[in-house]
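Trainee: I'd like to learn how to read a model like this one feature by feature. Could you walk me through it?

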Amino acid sequence: MASLIHCPHCGIRPKEEFSIRGDASLVRPDPEASDEAWNGYVHIRSNPRGRYREHWQHVAGCRRWLVVERDTFTHEVFSVTDAASVAREDGR
């Protein structure tokens with residue numbers, strides 16, 4: 001993985017300050033959704049090779065949630081965006 005990540009709030013920081021939390025494209029099911037929908041949301045994950053968007057938290061810095069787009073094979077980081085901004089753009 002790249003040794004430095006550009007946090008939009010703190011600037012360029014070492015990757016060790018961040019924690020990866022998983023797929024940033026998942027949408028939480030409605031509370032009344034079926035058990036099957038909740039099982040898929042909670043337990044079923046793909047493991048893609050290539051460009052992928054993930055939620056990361058800057059745990060040793062601003063503690064903000066970020067959406068990091070990176071290549072899961074080469075670990076190249078393409079973009080880092082504040083997760084709140086992404087959620088507003090996506091209408092969540």
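Trainee: Where is the place of histidine 75?

Mentor: Histidine 75 sits in the loop between S5 and strand S6 (77–82); strands (E, at least two residues) and helices (H or I, at least four) are DSSP runs, numbered from the N terminus. Before we go on, some ground rules: this is a predicted model, where local features need pLDDT of at least 70, side-chain atom pairs count only at pLDDT 80 or more, and totals for chains, interfaces and linings use all residues. Residues are numbered from 1 along each chain as its sequence is written, and side-chain values use heavy atoms, with hydrogens and water left out.

Trainee: What is the phi of histidine 75?

Mentor: About 70°, a positive value although histidine 75 is not a glycine. Arginine 63 is another such case, with phi near 65°, and it is found in the loop between strand S4 (51–57) and strand S5 (65–71). Histidine 75 counts as partly exposed because its relative accessibility is 27%; the scale is buried under 20% relative accessible area, exposed over 50% and partly exposed in between, with a 1.4 Å probe and protein chains only. Arginine 63 also counts as partly exposed, at 49%.

Trainee: Now the sheets. In what order do the strands of the open sheet of four come?

Mentor: The general idea is that strands of a sheet pair through backbone hydrogen bonds, either parallel or antiparallel. Here the order is S3-S4-S5-S6, with antiparallel pairing; two strands pair if DSSP finds at least two bridges between them. Strand S3 (19–23) and S6 stand at the edges with a single partner strand each, so one side of each is left without a neighbour in the sheet. Neighbouring strands are turned by 30° against each other on average, direction ignored; axes are lines fitted to C-alpha atoms, for helices over the stretch in contact, and angles run from 0 to 180 degrees between N-to-C directions.

Trainee: How many bridges join S3 to S4?

Mentor: Four, and the two strands run antiparallel. Isoleucine 20 stands opposite tryptophan 56 in S4. Then there's helix H2 (residues 83–90), which lies across S4, S5 and S6 and runs at about 80° to S6.

Trainee: What joins S1 to S2?

Mentor: A hairpin, through three residues. S1 and strand S2 (residues 11–14) run antiparallel and are joined by four bridges, with histidine 6 opposite isoleucine 12 in S2.

Trainee: Which residues of S1 are on the covered face, and which on the uncovered one?

Mentor: In a regular strand the side chains alternate between the two faces of the sheet. In S1, Ile5 and Cys7 are on the covered face, while Leu4 and His6 are on the uncovered one.

Trainee: Which residues make up the largest nonpolar core?

Mentor: In soluble globular proteins, nonpolar side chains tend to be buried together. The largest core here has seven residues: Ile5, Cys7, Phe18, Trp56, Leu66, Val68 and Val80. Such a core is a set of buried Ala, Val, Leu, Ile, Met, Phe, Trp, Tyr and Cys residues joined through side-chain atoms within 4.5 Å. Strand S1 (4–7) and S5 are the elements that give two or more residues to this core. Cysteine 7 is buried, at 0% relative accessible area. Leaving aside neighbours within four places in sequence, cysteine 7 is in contact (heavy atoms within 4.5 Å) with Phe18, His58, Cys62 and Leu66.

Trainee: Are glutamate 54 and arginine 70 buried or exposed?

Mentor: Both are buried. By contrast, arginine 51 counts as exposed, at 52% relative accessibility.
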